[in-house]
Amino acid sequence: MVRSLTLMALALAAALALVFFGCNSGGSGSSPTPSDGDPTSEATPPPDSAAGGELDAPDLVETLKPSVVHIVSEAATLDVFGQITPQRGVGTGFIIDEEGHIVTNNHVVTIDGDEPAQDITVTLDDGRQFDAEIAGRDPPTDLAVLKIEASDLTPARLGSSEALVVGEDVLAIGNALDLPGGPTVTRGVVSAKDRLIQSESITIPDAIQTDASINPGNSGGPLLNAQGEVVGITTAVIRGEAEGIGLVIAIDTAKPIIDELIENGQVDRGLLGVTITEITPSLAAQFGLAVEQGVGLQAVQPGAPADDAGLQEGDIIVAMAGEEITNSGELFQALTENRAGDTVTVEFFRGDARMSAEVTLG
């Protein structure tokens, strides 16, 4: 079984060949509610949209541009010869409250691996520039919140990504290729929902797929619906043989994470202490597994919570805390909702037998 899961992991890695950070120009590298109420209460009202939800693109862009910001991140790193080398990244963000919080991607403000940028400059639509501080980062979901000290800010309105339907028109706004003259606007449709964005270090469930053009520099910019509401955050693009496939963090997924970043500066997830691989129907049929969906344990760290609870390599997790687990995104979400110290029931298959264990998360 362990050998089988290893083969599955190789197949999964090939299938998930996403190119991350393709939206960040230059470097390596929703909205939380204000403490006194709904963030939409302070935002500029959207223009009236046509019947049937058709986009009035020029009006929407004019309304949202004051909420969209240009972000430049800089850091000094050492090259292979030990010489100091400056690195620079460019991305996009959007204002979410009058206190100066700005949502963007973590990789926009990350230089040289996972180190935060040393200097971050935010330029508003009216030309004002501010030094920004990182209020919080969450590398696993590629989200970050910046903070600037500024007045007369225009927060964006937040919508519901759950309310989106496939085929619905959307707009993406961002500083594509860092071209002069302000942000670039592209138009497309919601191509699909509930996509899983996954790489070695990133897991984002319930992502939105769109064919609106996304280019380096778009990272962290808003995706808008016909009402001028932010329904997603641009984060990745698939390159290579694929065309017209951009991936966006759903705003409903982002909101609680951003709230916690503002409050605590980080997200403290529960820990199982396992290496996983995703089970699919085709892999289940190929290897004769008991279930067609779930999360297989490729390795269990000695002394980790999963190990203490008796889970083993080759087990396939199918539920946690009463919630069905069919893929790694759902497991990641469950570990976000259940925190360190929580004891949860984990249901899993070992061979053909369905079993359960009480796991106290680390």
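A: Start with confidence. The mean pLDDT (the predictor's confidence in each residue, from 0 to 100) of the protein is 81, and 78% of its residues reach 70 or more. This is a predicted model: local features need pLDDT of at least 70, side-chain atom pairs count only at pLDDT 80 or more, and totals for chains, interfaces and linings use all residues. Residues are numbered from 1 along each chain as its sequence is written, and side-chain values use heavy atoms, with hydrogens and water left out.

Q: Over which residues does pLDDT stay under 50?

A: Where pLDDT is low, the predicted coordinates should not be read in detail. Here, pLDDT stays under 50 over residues 1-42, for which the model has 120 contacts (heavy atoms within 4.5 Å) beyond four places in sequence. Residues 46-52 also stay under 50, with nine such contacts.

Q: How do I read a pocket, and what volume does the second largest pocket have?

A: Rolling a probe the size of a water molecule over the atoms shows where empty space is left. A pocket is an open set of points on a 1 Å grid over the protein atoms alone, where a 1.4 Å probe fits, with protein on both sides within 12 Å along at least five of seven lines; lining residues have an atom within 4 Å of a point. Grid points are joined across faces, edges and corners, and the volume is the space filled by probe spheres set on the points. The second largest pocket has a volume of about 300 Å³. It is lined by 17 residues, and D206, E324, G329, E330 and Q333 are the closest to its centre.

Q: Which elements supply the lining of the second largest pocket?

A: Helices (H or I, at least four residues) and strands (E, at least two) are DSSP runs, numbered from the N terminus. β12 (184-198), β13 (203-210), β20 (323-324) and α6 (328-337) each supply at least two lining residues. The largest share, five residues, comes from α6.

Q: Is α6 mostly covered or open?

A: An α-helix has 3.6 residues a turn, so residues three or four places apart point the same way. Buried means under 20% relative accessible area, exposed over 50%, partly exposed in between (1.4 Å probe, protein chains only). In α6, seven of ten residues are buried. They are S328, G329, L331, F332, A334, L335 and T336. These buried residues pack against β12, β13, β17 (274-279), β18 (294-300) and β19 (316-320).

Q: How do I read strand pairing, and which strands are joined to β15?

A: Two strands pair if DSSP finds at least two bridges between them. Three bridges join β14 (residues 222-224) to β15, and the two run antiparallel. L223 has G232 as its bridge partner in β15. Five residues lie between these strands in the hairpin, where G228 takes a positive phi near 75 degrees. Five bridges link β15 to β16 (residues 246-250), again antiparallel. There, V237 stands opposite G246. In β15 (residues 230-237), eight of eight residues are buried.

Q: What does the hairpin of β9 and β10 look like?

A: β9 (residues 133-138) and β10 (residues 143-147) run antiparallel, joined by five bridges. G136 is partnered by V145. Four residues lie between the strands, and D142 takes a positive phi near 55 degrees.
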